[in-house]
Amino acid sequence: MATLCSRFSVISRRFSASRILATNMADPLEHATGLEKRELLARVAGNDNPFDFRVLKRGPGTRDCPNQVPSSFDSRLVGCICEEEASSIQWMWLHQGCPRRCACGHWFQLVYKAPV
């Protein structure tokens, strides 16, 4: 009986999966729709900041020459870092048509920018 069992060995199955390399991926611009497509088109046109999310350097910020903050809407939330080494941000809402003064004395004004 032992010789009979030794003749039948355990059959092992081998599994092999080949990896398919996608070398012909389509351009993401062809698949994008809506806001994502408008963002990609703006980047192709050379605008790396289509939604104006980057930090803007403050200018003189006087009442006669306020810092211009672009927006496609009637209001926008703006943060002012009043001192260079400050660890907090002074947040304020800007509304179309009325300049606003920060606690540090700088003035800000909302200007219209065409939407993306």
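This report describes the fold, the strand pairing and the nonpolar core of a predicted model.

## Overall fold

The chain contains 3 helices and 5 strands.

Of the 116 residues in the chain, 18% count as buried. The accessible surface comes to about 10,000 Å², and carbon and sulfur atoms contribute 55% of that surface. Among the contacts with a separation of 6 or more, 40% are made by residues 24 or more positions apart.

Strand β1 spans residues 67-71. This strand is mostly covered, as 4 of its 5 residues are buried.

Strand β1 is joined by 5 bridges to strand β5, which covers residues 107-112. The two strands run parallel. Within this pairing, P70 stands opposite V111 in β5.

In soluble globular proteins, nonpolar side chains tend to be buried together. In this model, the largest nonpolar core consists of 8 residues: V69, V78, C80, M92, L94, C102, F108 and L110. Two or more residues of this core come from each of the elements β2 (75-80), β3 (90-95) and β5.

L94 is one of the core residues. When neighbours within four places in sequence are left aside, L94 is in contact with V69, V78, F108 and L110, among others. The contacts of L94 also include D74, S75, R76, R100 and Q109.

Methods: Residues are numbered from 1 along each chain as its sequence is written. This is a predicted model: local features need pLDDT of at least 70, side-chain atom pairs count only at pLDDT 80 or more; totals for chains, interfaces and linings use all residues. Side-chain values use heavy atoms; hydrogens and water are left out. Buried means under 20% relative accessible area, exposed over 50%, partly exposed in between (1.4 Å probe, protein chains only). Two strands pair if DSSP finds at least two bridges between them. Contact means heavy atoms within 4.5 Å. Accessible areas come from the Shrake-Rupley method with a 1.4 Å probe; for residues, only the protein chains shown count as cover. A nonpolar core is a set of buried Ala, Val, Leu, Ile, Met, Phe, Trp, Tyr and Cys residues joined through side-chain atoms within 4.5 Å.
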